[in-house]
Amino acid sequence: MVQINELASKLGYEVHAMANPAIQIAHGYTGDLLSDVMGNASEDSVLITIQAHKNTVAVASLIGIRAIVLCNGRTPTEDMIQAANQESVAILGTDDTQFTASWRIAHLIGAS
Amino acid sequence: MQTIPINTYNSPTVILELIYRLKVKDVMTRKLVSVPLGTTMRAVQHLMREKSITGVPVVSGTRLLGIVSMDDIIQALDFGHIEESVELHMTKNLIVLEDDMPVSFAISYFDRYRFHRFPVLNKDKELVGIVTTRDISTRLLWEINHEVENLERMNLSTKVTDGLARDVQSFSILKHDFENAGFASTEIKKKLKQRDVFPRTIRRAAIASYELEMNIVVHSNGGRITAEYGPEEVVITSEDTGPGITDIDKAMEEGYSTANEWIRSLGFGAGMGLPNIRSVSDEFSITSTPQGTVVTSIIRFSELERKRSAKE
């Protein structure tokens, strides 16, 4: 488990939305196909993806994903940030690839 | 003597399936602490204390030559051989497991032999892991938990008694309206939350309704999602005004999709929608003509959830 603000600061990820910095992340899921994410991601996950739009937040909040990490330098749209603040889903951004973000985050979740 | 209190002949079917499905490589420890030839017994003794382990494989590259057990160390101490090389005092007469063997093999090996651990070799006879009774019981407990969870859900969700008046919510959905996609499913989720339905059930309903909603947005000319809340279940129906699904069997296959490039670039059209809906539904039906497609997904509540929502 790792707290989302700790994850952001330890990995140096940019914070786009973080309505609740005390969110605990217990699992992760990496994917860009939202149906696949929907069907397979666990609750209390961080989603590692390049899908920087509002629908990603909808999927996240529906199945209990608590945070979204946008990779490869992608930035969220304004309405995505709004939706995320409303739903209390955090959005972070990084230049890391999904592979790199996945192992770094996995390491953090496992280590603490 | 360590044994695992599960046998391979008259355990419940779920357990039998489990111990045949799981392979040794799924339970073994891959992080190995091993020593090369020429290491002294003393060095192994220190290594054991330092790493809190009770058996150390002796290897030459990836070849397994023997194992130094705690017992071998005690013997060496007793007879004054502790400063000598491992090859003189290690256990050489080894019983090994193969990584592709079912866990049932490992369990019967632990019953049959006095060893506390078995080295695991792959097809090329390379040492790839080591397995202890603890590795097996930990993984089995984990899997059994998972199975019990599944059984619980099935048992409770199949009981049906007749009910009362139903709330009905209806949402109209526009073609290619990605902007508002997710609204219906969010509302359905809220409603179920108010009724104290379990998170697991809510998740199933959320998945079904979101996929139905997205199907209308992505593939149809527009349509409607209806949710009927009964005392025992929620019935989620999607109806659209065409153009219909040409081959329903194909549409039900995972990975089959007719979505175009730009829809895929948004992360939709993975060909998982209908299969996802079917897998979270207790009842699922689909009919389609060029005039429209109707999909019904029924999500049942467990007994406990019904009691709670009846208190309202």
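Buried area is the accessible area (1.4 Å probe) that two parts lose on being put together, summed over both. The model toured here is predicted: local features need pLDDT of at least 70, side-chain atom pairs count only at pLDDT 80 or more, and totals for chains, interfaces and linings use all residues. Residues are numbered from 1 along each chain as its sequence is written, chains are lettered from A in the order in which they are written, and side-chain values use heavy atoms, without hydrogens and water.

Select chain B to begin. Its parts are domain 1 (13-145) and domain 2 (167-310), with bounds from an automatic or database domain assignment. Their C-alpha centres are 50 Å apart.

Next, display chain A together with chain B. About 1700 Å² is buried between them, and carbon and sulfur atoms give 50% of this area. On the side of chain A, select A:S35, A:N55 and A:L62: these lose the most area to chain B, together 36% of what that side buries. In contact (heavy atoms within 4.5 Å) are 22 residues of chain A and 22 residues of chain B.

Now select A:K54 and B:E179. Their side chains form a salt bridge (side-chain nitrogen of Lys or Arg within 4 Å of a carboxyl oxygen of Asp or Glu), with an N to O distance of 3.4 Å.

Finally, colour the helices α2 (34-40), α3 (54-63) and α4 (78-87) of chain A, which each give two or more residues to the side touching chain B; helices are DSSP runs (H or I, at least four residues), numbered from the N terminus. The largest share, 7 residues, comes from α3(A).
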